[in-house]
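Take the fold of the chain to begin with, then turn to the ligand and what surrounds it.

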Amino acid sequence: MKIIVVGAGGAVGQAAVKALEARHEIISVGRNSGDLHADLDDVDSIRAMYRETGKVDAVVSAIGHGHFGALEQMTAEQFMLGIHHKLLPQVNLVLEGFDYVNDGGSFTLTSGVLNRDPIRGSAAAGAANGALDGFVCAAAVDMPRGLRINCVSPEVLEASRERYDGFFNGHYHVSDEAVGLAFSRAVEGCQTGQVLIVEFG
Ligand SMILES: NC(=O)c1ccc[n+]([C@@H]2O[C@H](COP(=O)([O-])OP(=O)(O)OC[C@H]3O[C@@H](n4cnc5c(N)ncnc54)[C@H](OP(=O)(O)O)[C@@H]3O)[C@@H](O)[C@H]2O)c1
């Protein structure tokens, strides 16, 4: 398969690439990294990316960030960061991608643990995750031509332990391999409309 992986250089993206690269052709994408440069925050950049890749069999996204902070001090603008930089870029990757994904192909998005097992200050990030999980569940029903759509929702990665040191006490840290297996199931498997939770391993 020919597979676009946006965010391939990140912690989650690298886990996805490791799981898929031996069997498939990977086109890695980032704003400043990868085979192709594109910024998913910008719909025109998404369109240009697809024009450059041409038809593919699968699209994987492992991007996104949002605001962390106390709820009672959170502004409307801060709340919207996760919507603008995690939810909408990944939704737009799907909306703009239909003409470029072959029949029977798939989209795989990335959400995360915070809408089911929150930490303090994670209301905005949890909301973006929940919206992504809801989007794939409902979008799967409308997918044409046998296309599938799923979301990988990992716990904190072992590779990100230092980055999030002190924020996820008591949370399990999952391996690249466990995260990669979820992307493998999403891309190479048969499920659709699923949130593939990676909680252990
Ligand atoms: N790490 C974890 O433990 C973990 C756990 C659960 C969920 N998640 C979720 O997984 C996603 C990825 O997290 P991560 O830790 O892997 O992030 P990361 O290490 O910061 O990597 C993000 C990657 O995405 C690319 N990127 C970021 N914004 C982009 C954009 N607008 N358009 C195109 N490429 C973009 C970056 O490359 P450039 O800088 O070149 O653009 C980079 O390769 C996030 O939504 C995060 O919430 C992460």
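The protein chain has five helices and seven strands, where helices (H or I, at least four residues) and strands (E, at least two) are DSSP runs numbered from the N terminus. Along the sequence they follow the pattern β-α-β-β-α-β-α-β-α-β-α-β. With a radius of gyration of 16 Å, close to the 17 Å that the globule rule gives for 201 residues, the chain is as compact as a globular protein of that length. The radius is taken over C-alpha atoms, and the rule is 2.2 Å times the number of residues to the power 0.38.

This is a predicted model, in which local features need pLDDT of at least 70 and side-chain atom pairs count only at pLDDT 80 or more, while totals for chains, interfaces and linings use all residues. Residues are numbered from 1 along each chain as its sequence is written, and side-chain values use heavy atoms, with hydrogens and water left out.

Around the ligand there are 27 residues, of which Val12, Arg31, Ser33, Lys86 and Leu157 are the closest; a residue counts if one of its heavy atoms lies within 4 Å. This shell divides into 10 nonpolar, 11 polar and six charged residues, with Ala, Val, Leu, Ile, Met, Phe, Trp, Tyr, Cys and Pro as nonpolar, Asp, Glu, Lys and Arg as charged, and the others, Gly among them, as polar.

A backbone N or O atom of Arg31 lies 2.7 Å from a ligand oxygen, and for Ile63 the corresponding distance is 2.9 Å.

Methods
Polar contact = N/O pair within 3.5 Å; in protein donor to acceptor, adjacent residues only side chain to side chain.
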